[in-house]
Amino acid sequence: QTYGGTWSVAGLDRAGALTVVAAVALTVWAGVSIWWSIAGDLSWNWLARGLVYLAFLALGALAGAPAGGARRVAALAALVVGAAIGWALLGVAIPSLFPDGDRIARLREPVGYWNALALLADAALALGLWVARSPRVTARTAGLLLVYGAALAVLLTQSRAGVVGALAVLA
């Protein structure tokens, strides 16, 4: 189905529509229940989890669209991963952005663990190479900047697994 002439999502049958409505209703209920909950922090956790589930549901509907949905989801993933890598590299320039930023030698924020950040940078490397194949100059430039930032982040994490993963992506 096309919405607004530009965005299309995968068509849903009756069971799919019922699943989406049930997921939205459950997430709304988790949000409303914060008002009377004895353990409000646990209710916030349930709301956050439901919002993440709905976001993945929306990404799945976008990816299943017949007109370039997977390409849009990959571009969105490149944007999100690029923002995380950019924030991590900004933390190198301004250590006060992160707790203990000036005492830790390995790059680990915003993920919290250097091996996980290195693997995220490996994914950014693959997405950046994909974006750099675009015929548009601005997209190529953005893709090459993402590749540069991802390679820099992998090296600054000092993760051997990250370097091996980057070599596998390049191969």
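Me: In which loop does Gln 158 lie?
Reply: Helices here are DSSP runs of H or I, at least four residues, and strands are runs of E, at least two, numbered from the N terminus. Gln 158 sits in the loop between α5 (137-157) and α6 (160-170).

Me: Which model is this, and how are residues numbered?
Reply: This is a predicted model, where local features need pLDDT of at least 70, side-chain atom pairs count only at pLDDT 80 or more, and totals for chains, interfaces and linings use all residues. Side-chain values use heavy atoms, without hydrogens and water, and residues are numbered from 1 along each chain as its sequence is written.

Me: What is the phi of Gln 158?
Reply: Gln 158 is not a glycine.

Me: Is Gln 158 buried, exposed or partly exposed?
Reply: Buried means under 20% relative accessible area, exposed over 50%, and partly exposed in between (1.4 Å probe, protein chains only). Gln 158 has 45% relative accessibility, so it counts as partly exposed.

Me: What pattern does the chain follow along the sequence?
Reply: The chain has 6 helices and 2 strands. Read along the sequence, their order is β-β-α-α-α-α-α-α.

Me: What percentage of the 171 residues in the chain is buried?
Reply: The same cut-off applies, under 20% relative accessible area. Of the 171 residues, the buried share is 29%.

Me: What radius of gyration does the chain have?
Reply: The radius is taken over C-alpha atoms, and the globule rule is 2.2 Å times the number of residues to the power 0.38. A compact globule of 171 residues would come near 16 Å, but the chain has 20 Å.
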